[in-house]
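Dear colleague,

Please read them alongside the coordinates.

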Amino acid sequence: MVSYKLYYFPIRGPAEVARQLFALSKTPYEDIRITMEEWPKHKADMPFEKMPVLAIDGYMLPESFAINRYLARKFGYAGKTSLEEATVDALADQMKDYNTEARPYFTALYLKKPEEEIEKIKTETYMPAANKMFGFLEKYLKKSKSGRIFLLKKKKFQISRIFRRFWIDLDRSVCG
Ligand SMILES: N[C@@H](CCC(=O)N[C@@H](CS)C(=O)NCC(=O)O)C(=O)O
């Protein structure tokens, strides 16, 4: 059996997709959470001196999107055809654009800027970026068979609202 060890800080941030892929596929792994105090001791051991890093039988794989793509392929969530794979890649790359647009908000949270400043960045920068991205995701979900089934079964839910709520909660813990 392959040994997986995921190294990251004790927050969700860019390691969360990998953690969710492990949970979804019911694959055992070690979720190693290094605190900021311990981090200086570990930094030089990481290939790009950052985390997350996934150790696969001792091989240290850096970069969250590389880790996510690797696990998605291994566990069967990366698409069944080349076109599906490319679509998953496109959605992941769209997330990167969103991360760039939304970063000023994460940074303000991380730096514990005054609440009014955070609210202003949230309204002017963060919410438009999140609304745009979730709008895109919703369009894809509506077109996908599994997404459509979910929408039909749970008619009363507005899927974008659920995702938005979940994501805003997630974003609160993302590093700046
Ligand atoms: N492009 C990298 C970025 C990783 C990154 O920026 N990690 C931050 C935490 S979110 C880090 O390790 N910071 C500690 C440091 O730079 O010393 C990825 O997506 O994995």
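The expected span of a helix is taken as 1.5 Å times one less than its number of residues. Bearing in mind that this is a predicted model, helix α5, which covers residues 115-143 and has 29 residues, reaches 39 Å from its first C-alpha to its last, close to the 42 Å expected. The helix α5 also bends by about 45 degrees at Lys122, and among its residues Tyr126, Ala130, Met133 and Leu137 are buried.

Turning to the cores, the largest nonpolar core has 13 residues, and those with the most contacts inside it are Leu6, Tyr7, Tyr8, Ala18 and Leu54. Two or more residues of this core come from each of β1 (4-8), α1 (16-24), β3 (53-56) and α3 (64-75). A second, separate core is made up of seven residues, including Tyr126 and Leu137 together with Ala102 and Ala108. In soluble globular proteins, nonpolar side chains tend to be buried together.

For Leu6, if neighbours within four places in sequence are left aside, the contacts are with Ala15, Ala18, Arg19, Tyr29, Glu30, Asp31, Ile32, Pro52 and Leu54.

Finally, Lys74 is found in helix α3, and it counts as partly exposed because 15 other C-beta atoms lie within 10 Å, whereas a buried residue would need 20 or more and an exposed one 12 or fewer. Lys74 and Ser25 are 49 residues apart in sequence, and their C-alpha atoms are 9.8 Å apart in space.

With best regards

Notes
Residues are numbered from 1 along each chain as its sequence is written. This is a predicted model: local features need pLDDT of at least 70, side-chain atom pairs count only at pLDDT 80 or more; totals for chains, interfaces and linings use all residues. A nonpolar core is a set of buried Ala, Val, Leu, Ile, Met, Phe, Trp, Tyr and Cys residues joined through C-beta atoms within 7 Å. Helices (H or I, at least four residues) and strands (E, at least two) are DSSP runs, numbered from the N terminus. Two residues are in contact if their C-beta atoms, placed from the backbone, lie within 7 Å. The bend at a residue is the angle between axes fitted to the seven residues ending there and the seven starting there.
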